[in-house]
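Q: Please take a close look at where the parts of this model meet. I would like one connected account of the contacts, with a few single residues followed in detail.

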There are 2 protein chains.
Amino acid sequence: MAYELYYWDGLQGRGEFVRLALEEAGAPYVDIARGSEDDGQGQSAMMALLGSKTEAQIPFAPPFLKDGDLIVPQTANILLYLGPKLGLAPESDLRYTVHGLQLTIADMVTEAHDTHHPIASGQYYEEQKAPAQARAADFLAHRLPKFMRYFERVLAQNPQGDGHLAGDSLTYADLSMFQLIEGLHYAFPRATARFGSHYPRLARLRKAVAARPNIAAYLASERRLPFNETGIFRHYPELDAKAH
Amino acid sequence: MAYELYYWDGLQGRGEFVRLALEEAGAPYVDIARGSEDDGQGQSAMMALLGSKTEAQIPFAPPFLKDGDLIVPQTANILLYLGPKLGLAPESDLRYTVHGLQLTIADMVTEAHDTHHPIASGQYYEEQKAPAQARAADFLAHRLPKFMRYFERVLAQNPQGDGHLAGDSLTYADLSMFQLIEGLHYAFPRATARFGSHYPRLARLRKAVAARPNIAAYLASERRLPFNETGIFRHYPELDAKAH
């Protein structure tokens with residue numbers, strides 16, 4: 001039976017980290033609330049589940065995954081669940097290393113989101129532009145280098161080689177790292193202009209993931225939504241900085 | 001062998017979610033960098049590990065757990081690892097429900113932190129007081145009720161009874177929920193003054209956890225650090241609001 005992915009229509013958002021894992025593995029899945037596959041019923045089903053007064057496993061927010069009767073909420077949790085089934089996570093204790101990396105990626109994703117929404121996630125960016133500029137400046141000056149230096153070290157210090165974040169084969173954390181780097185380049189093209197010279201291993205990982213046949217086919221397909229200004233990674237030129 | 005918990009000295013912070021699980025289970029552990037047990041070597045060991053240029057499993061930040069040779073980073077990941085070993089998580093697929101709840105608690109913890117640090121985690125609160133007031137106001141008006149209504153529903157809709165967030169026995173998510181509610185009451189005493197009337201099941205869960213013998217003994221001990229203004233939950237009266 002196909003996995004059912006529930007996520008907002010029209011943006012990559014956090015759903016994209018799940019899509020990349022499903023696409024890499026060639027796993028059957030239905031993107032329940034996506035416009036091209038949906039006549040409105042998927043969106044309704046998602047909202048009904050979120051608002052259900054009887055369902056035992058209610059998610060706080062999309063994305064969530066349904067696999068038969070099981071509902072798995074939270075992006076990193078979905079990848080934890082899917083990882084071994086899709087061949088994208090080890091069965092050994094190394095799975096805790098992979099999940100720890102995924103949670104650190106998730107932390108950085110939240111911080112990237114908060115560059116344009118530092119005050120209120122329920123209000124428009126335009127209502128919080130001044131604090132957004134302050135937060136984005138701090139993010140680019142301090143947080144992005146701190147996170148990326150860390151991930152570059154993780155690659156450099158992987159005893160099985162610097163081609164993967166953990167172990168000797170591709171995991172969901174590598175796929176998510178690709179997405180994070182892509183998103184940062186979209187949102188902050190000036191600040192990331194010299195990304196490859198600062199973080200050569202991460203830049204190679206990004207290229208290697210993009211070149212994987214299933215990922216390349218996915219990125220070229222209509223299933224891959226473009227980045228836009230409703231997602232996590234938004235290109236507002238006034239929030240970008242010069243290359244460091 | 002005792003578990004080794006690595007966390008900053010002097011604050012509850014994210015380490016506290018791990019401590020509560022270890023204390024409830026009566027598991028042997030060493031709080032490596034805690035002042036009362038440390039002559040400075042624990043702190044040095046923690047910093048050496050974070051800065052190691054050879055270690056394969058480098059954490060991004062504390063807390064992290066060492067169990068023999070395995071290093072487990074990220075609070076929710078540590079609880080995922082410890083849960084079954086400590087009898088605080090089911091082995092069935094319900095563990096994904098528990099972990100999903102933990103990750104949603106973690107999201108709210110980050111938002112609680114950001115009420116006093118909305119712009120730059122590396123700067124003092126005093127440098128971001130104005131945006132902190134805006135973020136705290138939004139948090140108390142919108143985010144806290146949204147999260148807490150959700151968790152109250154989770155209890156109400158648990159088919160095994162409203163005494164636990166998932167299943168029919170205590171999990172690490174229940175312990176973390178206790179800590180989250182405690183922290184919110186410390187930080188925002190006015191805004192939470194009517195907490196029990198809005199969220200009666202959560203208030204009962206909070207009391208039930210506090211009354212568990214091992215938790216009660218821990219809370220009364222010197223091992224339980226008091227809340228203070230270096231942790232996640234900080235009481236700045238100017239960020240608090242009237243009870244809603």
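A: A polar contact here is a pair of N or O atoms within 3.5 Å; within protein, one atom must be able to donate a hydrogen and the other to accept it, and residues adjacent in sequence count only if both atoms belong to side chains. The model is predicted. Between chain A and chain B, 23 residue pairs are in polar contact, with both residues at pLDDT 80 or more. On the side of chain A that touches chain B, the elements giving two or more residues are α2 (41–51), β4 (70–73), α3 (75–86), α4 (94–114) and α5 (129–156) of chain A. The largest share of that side is the ten residues from α5(A). By residue type, the side of chain A that touches chain B consists of 22 nonpolar, 13 polar and ten charged residues.

Chain A brings 45 residues to the contact, and chain B brings 45 residues. Together the two chains bury about 3,900 Å², of which 58% is on carbon and sulfur atoms. Two salt bridges are counted between chain A and chain B. Arg135(A) is joined to Asp114(B) by a salt bridge in which the closest N and O atoms are 3.5 Å apart.

Two residues can be followed individually. Thr104(B) is part of helix α4 (residues 94–114) of chain B. Thr104(B) counts as buried because its relative accessible area is 2%, and the cut-off for buried is under 20%. Leaving out residues up to four places away in sequence, Thr104(B) touches Phe60(A) and Gln74(A) of chain A, and Phe147(B), Tyr150(B) and Phe151(B) of chain B.

Ser52(A) sits in the loop between α2 and β3 (64–67) of chain A. With a relative accessibility of 13%, Ser52(A) is also classed as buried. A polar atom of the Ser52(A) side chain lies 2.8 Å from the backbone nitrogen of Glu55(A). With residues up to four places away in sequence again excluded, Ser52(A) touches Ile58(A), as well as Arg153(B) and Gln157(B) of chain B.

Of the area that domain 1 of chain A buries against domain 2 of chain A, 30% is supplied by Gln12(A), Phe17(A) and Glu24(A), more than any other three residues.

Three salt bridges are counted between domain 1 and domain 2 of chain A. A salt bridge links Glu16(A) and Arg224(A), with the closest N and O atoms 2.8 Å apart.

Terms used
Residues are numbered from 1 along each chain as its sequence is written. Chains are lettered from A and ligands numbered from 1 in the order in which they are written. This is a predicted model: local features need pLDDT of at least 70, side-chain atom pairs count only at pLDDT 80 or more; totals for chains, interfaces and linings use all residues. Side-chain values use heavy atoms; hydrogens and water are left out. Contact means heavy atoms within 4.5 Å. Buried area is the accessible area (1.4 Å probe) that two parts lose on being put together, summed over both. A salt bridge is a side-chain nitrogen of Lys or Arg within 4 Å of a carboxyl oxygen of Asp or Glu. Helices (H or I, at least four residues) and strands (E, at least two) are DSSP runs, numbered from the N terminus. Ala, Val, Leu, Ile, Met, Phe, Trp, Tyr, Cys and Pro count as nonpolar, Asp, Glu, Lys and Arg as charged, and the others, Gly among them, as polar. Buried means under 20% relative accessible area, exposed over 50%, partly exposed in between (1.4 Å probe, protein chains only).
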